[in-house]
Protein chains: 2
Amino acid sequence: MVTKEECFKQLREVIDAVLSTVDDNGNPQSRIIDIMHIEDDRIYFLTGRGKHVYSEIMNHPKVSYLSLKDNKSIRISGEAHKLDDQKYWIDLIFENNPFMNNVYPGNARYILEPFCIEDYEMEFFDLTQKPIFRQSFKFGDAEITVKGFEITDDCIACGTCQASCPQQIPVFVEDKFEIPQEHCLHCGLCYENCPNDAIVKRE
Amino acid sequence: MVTKEECFKQLREVIDAVLSTVDDNGNPQSRIIDIMHIEDDRIYFLTGRGKHVYSEIMNHPKVSYLSLKDNKSIRISGEAHKLDDQKYWIDLIFENNPFMNNVYPGNARYILEPFCIEDYEMEFFDLTQKPIFRQSFKFGDAEITVKGFEITDDCIACGTCQASCPQQIPVFVEDKFEIPQEHCLHCGLCYENCPNDAIVKRE
């Protein structure tokens, strides 16, 4: 188990995270954009009005944010929106992140615009645990993406899924095998090897 | 100046990088996907056939890869393609990255598929230099994205661009100001402040 507070702590400690956007050609773009502030479960960042990433978000607000520390990743998927009260947020963020004055000294800070991600899914993924561990949180109007695989009632309890799994994750419960979703790599080996086609994609 | 070899060295030393893709809804997705191998300027990575990222790349091969170390980022924008000779590449990569056996022991490795990025733009961005420094490389059929701003012949040499720039980057050359592109943040302050509208977006 991990708490949302622990995830927020990593996001702010690492600060540097990768923000992924979609450009006008529908292709992925990514940059380091610092996570500047977190308040009431909302994620705040800044970017300059002249940058490609600024117009990309204005044209297509869906973003994906990824923070990594010690093989633990936190992924935020949601919609970013520009905040109205530019001066308030920029001043607050510069006060709490004084290193920003090295890049944007004095009034240069106001070329930046503050953005907020309010409705999002946050997924914690820990590759250091054995078996791996993942957990999702939702905030605001976001939905949690259903991923991975599940075992249907067609299961004949042969155990091939458990044997073929890189981490032997499937467990026998009552009369059939089940996949503990929090430990699944989503690799697909059980799905490809089930002799009774009893494993389906969760999507 | 930075060399492509220095960039490749960081990519392989850090290994962990963020791969951004576009999903079937046209939205950005991102995950940590290790950079497993670099050979003849080609970037190699793996992913499991059951994962969302696998089908995303198969459906939309344009990807963006980002590696960060000590405030120096390397960004790769290009097209990923699945390699035919799966066993050859998987075995080679597992030999050179033995930690992979902890996650995919034995024959489990063959649920993975090898991908290669051959035609791409690589951008190095160093926030530790003053002023910041960026440099782009192209490989294969990729084109270098034109970004940022330039000063046209409408320049009246007033110096407002240099004074307003957070890093005072624009320089006077012969009879007008110019923007040394390798040091530009692309923030847009000069563009917004030029009194003669002599600064245009390079796109």
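Where is the place of B:D40 in chain B?

Author: B:D40 is in the loop between β3 (37-39) and β4 (42-48) of chain B. A word on the ground rules. This is a predicted model, where local features need pLDDT of at least 70, side-chain atom pairs count only at pLDDT 80 or more, and totals for chains, interfaces and linings use all residues. Residues are numbered from 1 along each chain as its sequence is written, chains are lettered from A and ligands numbered from 1 in the order in which they are written, and side-chain values use heavy atoms, with hydrogens and water left out.

Now the backbone at that spot. The phi of B:D40 is near 50 degrees, a positive value in a residue other than glycine. Most residues other than glycine have a negative phi, and most peptide bonds are trans. The peptide bond deserves a look too. In chain B, a cis peptide bond joins B:K130 and B:P131, with omega about -5 degrees. B:P131 sits in the loop between β7 (112-126) and β8 (133-139) of chain B. Chain A has a cis bond as well, between A:K130 and A:P131, with omega about -5 degrees. A:P131 is found in the loop between β7 (112-126) and β8 (133-139) of chain A.

The contact (heavy atoms within 4.5 Å) takes 6 residues from domain 1 of chain A and 8 residues from domain 2 of chain A. Together these domains bury about 610 Å², 58% of it on carbon and sulfur atoms. Buried area is the accessible area, for a 1.4 Å probe, that two parts lose on being put together, summed over both. On the domain 1 side, A:P131, A:I132 and A:R134 lose the most area to domain 2, together 78% of what that side buries.

What holds charge to charge there? A salt bridge needs a side-chain nitrogen of Lys or Arg within 4 Å of a carboxyl oxygen of Asp or Glu. There are 4 residue pairs in polar contact between the two domains, with both residues at pLDDT 80 or more. A polar contact is a pair of N or O atoms within 3.5 Å; within protein, one must be able to donate a hydrogen and the other to accept it, and residues adjacent in sequence count only if both atoms are side-chain atoms. The domain 1 side divides into 4 nonpolar, no polar and 2 charged residues. Nonpolar covers Ala, Val, Leu, Ile, Met, Phe, Trp, Tyr, Cys and Pro, charged covers Asp, Glu, Lys and Arg, and the others, Gly among them, are polar.

Stay in chain A for two side chains. A:D91 is in helix α3 (residues 86-96). Its side chain makes polar contacts with those of A:K87, at 2.7 Å, and A:R109, at 3.0 Å. The side chains of A:E113 and A:R49 meet in a salt bridge (2.8 Å, N to O). A:E113 lies in strand β7 and A:R49 in the loop between β4 (42-48) and α2 (52-59), so the pair ties together parts that are 64 residues apart in sequence.

Next, the two chains. The contact takes 49 residues from chain B and 49 residues from chain A. The chains bury about 3,900 Å² between them, 56% of it on carbon and sulfur atoms. Across this interface the rule finds 2 salt bridges. One of them joins the side chains of B:R49 and A:E192 (2.6 Å, N to O). Elements giving two or more residues to the chain B side include β1 (18-22), β2 (28-32) and β5 (62-69). The largest share, 6 residues, comes from β5(B). That side divides into 19 nonpolar, 19 polar and 11 charged residues.

Last, the symmetry. A rotation of 180 degrees with 0.0 Å of shift along its axis superposes chain B on chain A (RMSD 0.0 Å). The two copies are thus related as by a two-fold rotation axis. The same surface serves both copies: 100% of the contact residues of chain B recur in chain A. Copies are superposed by least squares on the C-alpha atoms of residues with pLDDT of at least 70 in both.

Key: Helix = DSSP H or I, 4+ residues; strand = E, 2+ residues; numbered from the N terminus.
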